[in-house]
Amino acid sequence: MKVMVNIVAIVVLVGTIVGGKLYWNKQTAAETSNFVGNKAISNEVSSETENRSWEEYTKNLPKSIIVKLEKAKKSGKPMNLLIVGSQATSTDSTGWPAMFKETLKNTYGSLINVKVLEYKDTTTLDFVRNREYEDIVKEKPDVLLFEPFLLNDNGTVGITNTLDNLNVIMSHVTTSNLDLVTILQPSQPVYNATNYPKEAEALKVFAEEKGYEYLNHWSAWPDYRSEKILDYLVQKQHIPTKKGNKAWANYLKEYFTNS
């Protein structure tokens, strides 16, 4: 009788263990399935959010640049943005290009690769004579953001010659890069100038006639006729101060990121 009781106890124990394991396996499988399913949904949502977020930043950009960004997204190869200009377009870490580059990195991540070429105290005439436009050609940019030495030319080259030189520069740059998107922008404003604002306006007209984008970042600065602008420029006004660089960078941030 005692033996019989022990056998029944063993059978019950084994049944309990087997039943418990089957239940545990079933629960684990269900939880794993839910986790995988939720993870897939989460990844899908994250992907959609990522796609939607970078596209929303492009609302101020022309279609030509948006197409290049879409291509970069699909191919995994970044769009190359080349920034070229005078000493005002400084490669220094405190210059507006560095601020702007950081903005693009935070907004678009690896979609945009940025490089800056600075030419101190250079005029458009120097740029042509020294064939420095070949530097741009070698970089093969997708987008060129060009500050064509307008302030350095002021009073020395003359706006008619500036635009002629710019024509020469761009003809060389675009010959081997027909798909290039070019954006022109003036140098920084200067206090109480007379002819210089007219030259900036002439550059804008030139850009419109040639089919280039034109960015008038002066709208982010104080009025050039106001003494307030002196806080944005160093004493000789050939480069911006910290305030000036920030104003310039903020304008470009608004244009390129809609924020």
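Residues are numbered from 1 along each chain as its sequence is written, and side-chain values use heavy atoms, with hydrogens and water left out. Because the model is predicted, local features need pLDDT of at least 70 and side-chain atom pairs count only at pLDDT 80 or more, whereas totals for chains, interfaces and linings use all residues.

**Exercise 1. Describe the order of elements and the sheet of the protein.**

Solution. Begin with the inventory: the protein has 9 helices and 5 strands. Helices (H or I, at least four residues) and strands (E, at least two) are DSSP runs, numbered from the N terminus. Read from that terminus, the elements follow the pattern α-α-β-α-β-α-α-β-α-α-β-α-β-α.

Next, arrange the strands. The 5 strands make an open sheet with parallel pairing, in the order E2-E1-E3-E4-E5; two strands pair if DSSP finds at least two bridges between them. Strand E2 (112–118) and strand E5 (213–214) are the edges, each pairing on one side only.

Then examine one pair. Strand E1 (residues 79–85) joins strand E3 (residues 143–146) in the parallel sense over 4 bridges, and leucine 81 stands opposite valine 143 in E3. H7 packs on the sheet, touching E3 and strand E4 (181–184), where contact means heavy atoms within 4.5 Å.

**Exercise 2. Characterise the packing of helix H7 on helix H8.**

Solution. First take the geometry. The axes of H7 (residues 159–175) and H8 (residues 196–210) come within 10 Å and cross at roughly 30 degrees. Axes are lines fitted to C-alpha atoms, for helices over the stretch in contact, and angles run from 0 to 180 degrees between N-to-C directions.

Now list the residues. Ile159, Leu163, Leu166 and Asn167 of H7 meet Glu199, Ala202, Leu203, Phe206 and Lys210 of H8. By class, this contact has 6 nonpolar, 1 polar and 2 charged residues; Ala, Val, Leu, Ile, Met, Phe, Trp, Tyr, Cys and Pro count as nonpolar, Asp, Glu, Lys and Arg as charged, and the others, Gly among them, as polar.

**Exercise 3. Determine whether serine 187 is buried or exposed, and describe its surroundings.**

Solution. Locate the residue: serine 187 is in the loop between E4 and H8. Serine 187 counts as buried because its relative accessibility is 1%; buried means under 20% relative accessible area, exposed over 50%, partly exposed in between (1.4 Å probe, protein chains only).

Finally, inspect the neighbours. Leaving aside residues up to four places away in sequence, serine 187 touches Glu147, Phe149, Leu150, Leu151, Tyr196, His217, Trp218 and Trp248. Tryptophan 248 is 61 residues from serine 187 along the chain, yet their C-alpha atoms are separated by 9.9 Å.
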